[in-house]
Amino acid sequence: MRLSGAWRSGWRGFSPLLVVLAGSALSACVGGGGPTDRGPAPAGTGYDWLLTGGKVVDGTGNGWFFGDVAVAGDRIVAVAPAGLLAPEAAREVLDVSGLVVAPGFLDMNGQSDYSLLSDGRGLSKLYQGVTTEIMGENSTPAPRNELVTGPLDPSDSLAVRRSRDWLRFGGWLEEMEAGGVSLNVASFLGAATVRRYAMGMADREPTAAELDTMRVVVRQSMEDGALGVASGLIYPPGAFADTDELVVLARAAGEMGGIYISHIRSESRGLLGALDEAIEIGSRSGAPVELYHLKAAGVENWPLAEASWARIDSARAAGVDVSATMYPYTAASTSLTACLPPWMQADGRLFENLRDEAVRSRVRREVEAGSADWENWCQLATPGGSMIVGVGDPELRPYQGRMLAEVAEERGTSWIDTAMDLILENDGGLGMVYFAMSEDNVRAQLAMPWMKFGSDSGARDPAAATSMTHPRTYGTYPRILGMYVRDQNALPVEDAVRKMTSAVADRVGLRDRGQVRQSFFADLVVFDESAIRENATFTDPHQLSSGVVHLFVNGEPVLRDGEFTGASPGRFLRGPGASGSR
């Protein structure tokens, strides 16, 4: 038994006695979800935590109310108007008067695939109020085979263990959970990983046998807990996949309750065509479609933003389940290799190609011609708006924070030759920030009813940082709540929180998460509306955000009075295709 939407939205019309009696009855009636769920405590057994007097923004989009929230074990066991839950029934009481109590935020576009394995604290996410990290854009560390990982070095014990334990999709996330994480983790299956598993880095259509392998990998990964399939169609080998192939993957995921989510083929001049392809994939496969970090990049393409919103509205009106995520910045961030044509990486020949003068000449010709077959982020942002932020080679670190055009001038080479040289010298793609979007478009897009939020970043520890990063790594959610909600009134707090919580949980099938609601898991953020803000900047990004006072994950505090507690209560959250998902 659960409160209906009508009851929840109208409970202030009932007497306090009826509310308390109803809450007690519900506590006795509501059961746990899966076999590992502890479920709510029976009525009368007391609470572990009681949060009193807060401004409850419950994650549904309904108007806020002053309320009390009780937690027992890993569940919310009671939500009532302020003052109606007895403090003496709680082991510990937190007076949160003057603060907002909301569901913990679910980052729809997390990138912590490896970082949480080495540092499970996830500090940059915790201080934003994130309690669940959803990963998997384009590629995932698992499942593995030799085509995904390359030949195994038997002297590398870590690689040997992972080659054994990560043959399944879930092996990677089970290891992350077992190692201790402070926030929950979940993931899509990377479509590029599926393709590499079947056919490596080949730039061609799959054979029938390879396509069958892909189907099997998707189904097995869904059974293992994947939330769906995630493609990245500007990055090799994902860029080599055609629409028919993607329909097959989306259908396999959709048949098991998953979604198809995509970094679409173009976010610039080809935006509308790329949207049409995503919509077609949803229509043909029957799978819900989600768009990663929707944007119109490049000044000349900014007018396409409104047309893209209309395209999504039209598709939804026609019955195609399509929606999107975004981050609240006018700059994108990806590798410097995003300025090279995708064919450069076919068959793993990137570095060989970069050393071949004939190949480099072809790249120069394609860049100068402005080829319509691929998206060049250095041109979208211009070399003067393309900032170097992440390098591995210590000798290249003086270039961090500088624009590509400036570095090219200093070196006395063209920007494209400089880019190719830097990739070679760094033994891989450098991290870049590309200033290419419109602030007016960002602000307007935040209010779209089908929008959700994601940081497009991995968890970081500012004390251990050796290279720069995009400020979204530390500031995505506080920036929305501080700058756009509080300071600019671009959207109400209830809608912003909904797009960070229940809209995400519902979209990916994570049940009993994303709402301040009885029987739901106690993933809760308590923040100060007047103080929440991002502190990270483009030139000084490694700064934790301010304003998150308390943060609970599965009923345990991971932040208390703004300080990290050291707790690691995070879990691997499995999608709807898994047995015993939670």
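How many bridges join strand S10 to S11, and do the two run parallel or antiparallel?

Reply: The model is predicted. In it, five bridges join strand S10, residues 228–232, to S11, and the two strands run parallel. One point of reference along this pairing is Gly228, which stands opposite Ile259 in S11. Between the two strands the chain passes through helix H10, residues 243–254, and this β-α-β crossover from S10 to S11 is right-handed.

Five of its five residues are buried, so S11 is largely enclosed by the rest of the structure. Its side chains divide between two directions: Ile259, Ile261 and His263 point one way, while Tyr260 and Ser262 point the other way. In general, side chains in a regular strand alternate between the two faces of the sheet. Residues on either side of S11 are buried, His263 and Ser262 among them.

S11 also pairs with strand S12, residues 289–291, through three bridges, again in the parallel sense. Here Tyr260 stands opposite Val289 of S12. The chain gets from S11 to S12 by way of H11, and this β-α-β crossover is right-handed. S12 in turn is joined by three bridges to strand S13, residues 322–326, and that pair runs parallel. The bridge partner of Leu291 in S13 is Ala324.

These pairings belong to an open sheet of six strands with parallel pairing, in the order S9-S10-S11-S12-S13-S17. Strand S9 (189–190) and strand S17 (451–453) are at the edges, and each has a single partner strand, so one side of each is left without a neighbour in the sheet. S11, by contrast, pairs with S10 and with S12.

Apart from residues up to four places away in sequence, Ser268 touches Ala297, Asn301, Leu304, Glu375 and Leu380.

Tyr114 is in the loop between strand S6 (105–107) and helix H3 (115–118). Setting aside neighbours within four places in sequence, Tyr114 is in contact with Pro141, Arg144 and Trp166. With Arg144 there is a polar contact between side chains, at 3.5 Å. Tyr114 and Pro141 are 27 residues apart along the chain, and their C-alpha atoms are separated by 7.9 Å.

Antiparallel pairing is also present in the model, and strand S16 shows it with two partners. Strand S14 (residues 331–335) pairs with S16 (residues 431–435) over five bridges in the antiparallel sense. Strand S15 (residues 386–390) is joined to S16 by four bridges, also antiparallel. Val433 of S16 has a partner in each pairing: Ser333 stands opposite Val433, and Val433 is the bridge partner of Met387. In general, the strands of a sheet pair through backbone hydrogen bonds, whether parallel or antiparallel.

Phe105, Tyr477 and Phe527 form one aromatic cluster. Phe521 has arginine over its ring: Arg75 lies over the face at 3.9 Å from the ring centre, and the charged end of Arg513 sits over the ring, 3.8 Å from its centre.

Notes. Residues are numbered from 1 along each chain as its sequence is written. This is a predicted model: local features need pLDDT of at least 70, side-chain atom pairs count only at pLDDT 80 or more; totals for chains, interfaces and linings use all residues. Side-chain values use heavy atoms; hydrogens and water are left out. Rings of Phe, Tyr and Trp (its six-membered ring) pair if their centres lie within 6.5 Å; planes under 30 degrees apart count as stacked, over 60 as edge-to-face and the rest as tilted. A charge sits over a ring if NZ of Lys or CZ of Arg is within 6 Å of the ring centre and within 35 degrees of the ring normal. Contact means heavy atoms within 4.5 Å. Buried means under 20% relative accessible area, exposed over 50%, partly exposed in between (1.4 Å probe, protein chains only). Two strands pair if DSSP finds at least two bridges between them. A crossover is right-handed if, with the strands pointing away from the viewer, the path from the first strand over the helix to the second runs clockwise. A polar contact is a pair of N or O atoms within 3.5 Å; within protein, one must be able to donate a hydrogen and the other to accept it, and residues adjacent in sequence count only if both atoms are side-chain atoms.
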